[in-house]
Amino acid sequence: MKKIYKAHILYTKEQSRFEVLENGYIAVEDGIVKGTSTDLFQLKDDCSSVTGQWQDVSVTDFGDCLLIPAMNDMHVHAPQVHNQGVAMDLELLPWLQQYTFPEEAKYADIHYAERMYRRFLHTQWLFGTMRSCVFGTVHTESTRLLMKLYQEAGMGAFVGKVAMNRNCPDNLSEGVEAAIEGNERLIAEFNQPDALVRPIITPRFVPSCTPKLMEACGELANKYQLPVQSHLSENTSEIAWVAELEPDSESYGDAYNRYGLFGQTPTIMAHCVWTRGNELELMKRNGVMVAHCPTSNFNIASGMAPIRTFLEEGLRIGLGSDISGGHDLNMFRMLVYAIQVSKMHYKYDDDKPFLTLPEIFWIATKSAGSFFGKVGSFEPGYEFDALVINDAVLHPSEYSLIHRLERYIYLGDDRQIEHRFCRGKEIPEPKLCD
């Protein structure tokens with residue numbers, strides 16, 4: 001199906017600058033961007049030369065609205081939505097033991113899981129997050145439910161059944177064979193190459209997984225060529241703990257690498273606050289992506305990830321909300337917080353330039369979207385994940401288009417998002433439980 005949309009179009013093809021089409025047009029066919037232009041007739045001629053006739057395709061005109069790529073949340077714990085904004089005065093390890101693990105144990109109850117997961121997806125939809133890398137729990141059935149709910153909503157996600165069998169409560173510890181069986185059940189049902197919702201291998205982090213479980217996770221990732229997600233170098237106490245548990249590893253990252261969980265298949269690691277030296281070089285060689293979670297940097301008192309350094313080193317980076325280590329599911333706020341974290345580095349640490357608006361927008365859209373394929377831009381061939389922003393309440397006539405986008409990022413909220421698209425399909429409001 002062919003569609004043409006008109007609006008003020010903004011996106012970042014490169015990390016250093018915005019592409020801006022005032023009163024621009026974008027042509028979409030079967031969910032894929034075919035071209036953009038400020039001249040409707042030129043657009044139709046260009047598209048016709050590639051894909052067939054566009055002369056009779058009508059235009060959906062969004063008027064004075066902004067049309068931008070949708071948001072991607074590259075690290076989020078769906079079962080922690082109930083703890084959002086709770087116990088933010090604790091460090092990582094006490095917070096896990098006292099709050100996170102007890103909450104996740106509740107997901108053995110599928111009815112509780114559905115109520116909370118519907119709340120979670122609805123909030124993501126409100127804030128325009130159309131793709132996510134998601135941690136579930138150890139429970140196979142509630143993780144399956146989460147994947148079905150994403151399918152029902154029409155939103156894209158890699159969803160992981162969490163693996164852990166040590167240093168956690170007994171009711172969240174799962175044997176290696178059970179973990180393999182549960183993952184393979186989900187893989188058999190959901191692992192379709194072009195599916196919007198797919199499995200991702202998810203060892204929680206090294207301290208919660210025995211070597212045998214880590215090895216099993218690596219074998220699953222390799223056997224089914226599935227991506228991997230986990231946590232890396234978030235907290236100095238955690239890093240010291242990993243060194244004790246994995247004495248033969250050169251770094252925290254190397255502990256994953258030794259089990260085939262560090263770039264052997266597409267891999268994203270959350271936090272990387274203290275990633276330096278050999279670990280950084282290993283990430284570069286293996287093409288491991290960083291999920292930068294600025295609010296949890298603050299809330300869990302872990303430190304501030306050196307994102308400017310990662311950019312200079314050529315690492316791929318996305319942004320994550322890290323609910324509930326982070327307190328906010330609004331990914332636009334993550335852009336703001338990420339800039340603020342980088343300013344603290346500039347002021348107090350490495351004296352490197354802080355992040356600019358186009359850089360952080362590119363990280364949140366095109367860079368993050370690359371984990372899902374050709375997602376996060378409006379270049380030809382990219383999947384049409386998009387948001388239509390009506391910023392009339394923010395006095396748009398007084399500002400340039402880029403400043404209008406900046407003001408929306410800093411001051412706007414879900415009430416200004418009028419339309420949400422994922423892979424070309426407009427996404428209606430997901431259902432909540434009665």
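Predicted model: local features only at pLDDT ≥ 70, side-chain atom pairs only at ≥ 80, totals over all residues.
Me: How do you know that the span of helix 5 agrees with its number of residues?
Reply: Helix 5 has 15 residues, 176–190, and at 1.5 Å a residue it should span 21 Å. Its end C-alpha atoms are 21 Å apart, so the two values agree.

Me: What makes the buried residues of helix 5 line one face?
Reply: The buried residues are Val176, Ala179, Gly182, Asn183, Leu186, Ile187 and Phe190. Seen down the helix axis they fall within an arc of 135°, so they line one face of helix 5. Their cover includes helix 4, strand 9 and helix 6. The face turned away from the buried side carries the exposed residues Glu177, Glu181 and Ala188.

Me: Why is the pair Lys2 and Glu29 called a salt bridge?
Reply: The cut-off is 4 Å between a side-chain nitrogen of Lys or Arg and a carboxyl oxygen of Asp or Glu. The closest N and O atoms of Lys2 and Glu29 are 3.5 Å apart, so the pair meets the cut-off. Lys2 belongs to strand 1 and Glu29 to strand 2, 27 residues apart.

Me: What makes the salt bridge of Glu379 and Lys366 a tie between separate parts of the chain?
Reply: The side chains meet at 2.7 Å, N to O. Glu379 lies in the loop between helix 13 and strand 15, and Lys366 in helix 13, so the pair ties together parts 13 residues apart in sequence.

Methods:
Residues numbered from 1 in each chain as written. Heavy atoms only, no water. Helix = DSSP H or I, 4+ residues; strand = E, 2+ residues; numbered from the N terminus. Expected span 1.5 Å × (residues − 1). Buried < 20%, exposed > 50% of the residue type's maximum accessible area, 1.4 Å probe, protein only. Arc of directions from axis to C-beta. Contact = heavy atoms within 4.5 Å.
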